[in-house]
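Student: I have a model open and some things to ask about it. Can we go through them?
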Amino acid sequence: MFRLEGKSAVVTGAGSGIGRAIALALAKQGAFVDVLEIDDEAAGVTVGQIRAAGGQAEATACDVTDHGQVLDVFDQLGSDRGGLDCLVNNAGIAHVGNITDTSEADFDRVMSVNLKGVFNCLKGGVRQMLNSGGGSIVNIASTVATMAIHDRLAYGTSKGGVLAMTYSVAKDHLHDDIRCNAILPGRIHTPFVDGFIAKNYPDNQAEMFKKLSEYQPIGRMGKPEEVAAAAVFLCSDEASFITGAPFPVDGGTLYVR
Ligand code: NAP
């Protein structure tokens, strides 16, 4: 079960954290993985790890905020791989702030990566899937797409938009054999979280790490591999009856508080 031989997959932001774990897991299941990253070097490391484990992958430099570049990249990959079977929209950035202290520039930056970046890649990816007869899309949203936590005005808004876009694509392509689901991770221990703590709580990092770990009812942060396992499932043919689903991987954060 859950094998992906013969499938092509694109994972955005796969040079780090959750995206890297997803790229490694999809390749381990047999997919050919295209690693799309703004950071070339980080993408190369992911590709190196996949190949060292016997998998197949290529790195492509891509800024998901650049509409024209994204469409060109997807067209090229679609032609190189004979279409697209799996797309994981993972690239994203963090931001802390409420309505009072979030600047217009902050809001625009978060929206442009987290929301418009997903729009751009859906635009590029869905047309490849239509050409090759269907596929599975996994959008990495967040628990904050459906619940409030303090000081995530722009970030939560962007992830709520990702979830709404997930429903929309799932609905519009029900009869094209394109499934579109969202994973709602709770707090996952990645460079994203370490960077967030270092930037926002420089004087009490250990205390914040403990506090953020204990926030999850299960008592710890998640691991990138735990999100990757859900992504593998949703990409696989075993998930063929699942579309338009918000899929929490959150240590009980949403429903067992
Ligand atoms: P991460 O370690 O920071 O990885 C994100 C990757 O996306 C980085 O390699 C980053 O490159 C890349 N990226 C940023 N902007 C990009 C752009 N414009 N184009 C292409 N790539 C870009 O973050 P993570 O923790 O793995 O998070 C991955 C996703 O999960 C994000 O969408 C995040 O919102 C979501 N998420 C994370 C958590 C968590 O607790 N970690 C919880 C819920 C949801 P640079 O490093 O060069 O910027």
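Student: Is Cys235 buried or exposed?

Tutor: Cys235 is buried, at 2% relative accessibility. Buried means under 20% relative accessible area, exposed over 50% and partly exposed in between, with a 1.4 Å probe and protein chains only. This is a predicted model: local features need pLDDT of at least 70, side-chain atom pairs count only at pLDDT 80 or more, and totals for chains, interfaces and linings use all residues. Residues are numbered from 1 along each chain as its sequence is written, and side-chain values use heavy atoms, with hydrogens and water left out.

Student: Which cysteine sulfur is closest to that of Cys235?

Tutor: The one in Cys86, at 4.2 Å, which is too far for a bond. Cys86 is buried too, with a relative accessible area of 1%.

Student: Switching to strand 4, which way do its residues point?

Tutor: In strand 4 (residues 86-89), Cys86 and Val88 point one way, Leu87 and Asn89 the other, and all are buried. Strands (E, at least two residues) and helices (H or I, at least four) are DSSP runs numbered from the N terminus.

Student: What does Val88 pair with?

Tutor: Val88 is the bridge partner of Val11, and Val88 also stands opposite Val138 in strand 5. From strand 4 the chain crosses through helix 4 (residues 104-132) to strand 5, a right-handed β-α-β crossover. Right-handed means that, with the strands pointing away from the viewer, the path from the first strand over the helix to the second runs clockwise.

Key. Disulfide = S-S within 2.5 Å. Pairing = 2+ DSSP bridges.
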